[in-house]
Amino acid sequence: MANVDLLLSRLQGVRNTGRDTWMARCPAHKDKSPSLKVTYAGNGLVLAHCFAGCEVQAVLDAVDLTFEDLFP
């Protein structure tokens with residue numbers, strides 16, 4: 001789970017919402033309440049979805065990560 005831990009460590013307002021699922025404030029826009037869902041899908045795969053519509057690339061750019069950091 002090192003990949004998901006790396007992403008979560010760079011986000012703010014992280015809270016666990018279930019098994020291998022978290023919500024956090026999206027770093028790609030001025031988020032006042034958590035709108036970024038992060039899921040550890042197993043085998044090192046990390047999924048991220050911003051309910052406000054930010055592209056995953058924008059989220060990764062905001063925390064200085066790449067897709068290679070999320071995929072094994």
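Q: In the hairpin of β1 and β2, which residue in the turn has a positive phi, and of about how many degrees?
A: This is a predicted model, in which local features need pLDDT of at least 70, side-chain atom pairs count only at pLDDT 80 or more, and totals for chains, interfaces and linings use all residues. Residues are numbered from 1 along each chain as its sequence is written, and side-chain values use heavy atoms, with hydrogens and water left out. Strands (E, at least two residues) and helices (H or I, at least four) are DSSP runs numbered from the N terminus; β1 and β2 form a hairpin with two residues between them, and the turn residue with the positive phi, of about 60 degrees, is D20.

Q: Which residue of β2 is the bridge partner of G18?
A: Two strands count as paired if DSSP finds at least two bridges between them, and β1 (residues 12–18) pairs with β2 in the antiparallel sense over four bridges. Strand β2 covers residues 21–25, and within β2 the bridge partner of G18 is T21.

Q: Is T21 buried or exposed, and what is its relative accessible area?
A: Buried means under 20% relative accessible area, exposed over 50%, and partly exposed in between, with a 1.4 Å probe and protein chains only. T21 touches R15, N16, K37, V38 and T39, where contact means heavy atoms within 4.5 Å and residues up to four places away in sequence are not counted. Four of the five residues of β2 are buried, so the strand is largely enclosed by the rest of the structure, and T21 itself is buried, with a relative accessible area of 14%.

Q: Which residue in β3 does M23 stand opposite?
A: Strand β3 (residues 36–42) runs antiparallel to β2, and four bridges join the two. In β3, the residue opposite M23 is K37.

Q: How many residues does the largest nonpolar core have?
A: A nonpolar core is a set of buried Ala, Val, Leu, Ile, Met, Phe, Trp, Tyr and Cys residues joined through side-chain atoms within 4.5 Å. In the largest one, the residues with the most contacts inside the core are V4, L7, L11, L36, V38 and V46, and the total is 18 residues. The elements giving two or more residues to this core are α1 (2–9), β3, β4 (45–50), α2 (56–62) and β2.

Q: Within an arc of how many degrees do the buried residues of α1 fall?
A: The buried residues of α1 are V4, L7 and L8. The arc is that of the directions from the helix axis to the C-beta atoms; seen down the axis of α1, the buried residues line one face of the helix, because they fall within an arc of 95 degrees. The face turned away from this buried side carries the exposed residues A2 and S9.

Q: Which element of the protein has the highest mean pLDDT?
A: pLDDT is the predictor's confidence in each residue, from 0 to 100, and the protein averages 93, with 97% of the residues scoring at least 70. Helix α3 (residues 67–70) has the lowest mean among the elements, at 85, whereas the highest, at 98, belongs to β2.

Q: What is the radius of gyration of the protein?
A: The radius of gyration is taken over C-alpha atoms, and the globule rule is 2.2 Å times the number of residues to the power 0.38. With 72 residues, a compact globule would have a radius near 11 Å, which agrees with the value for the protein, 11 Å.
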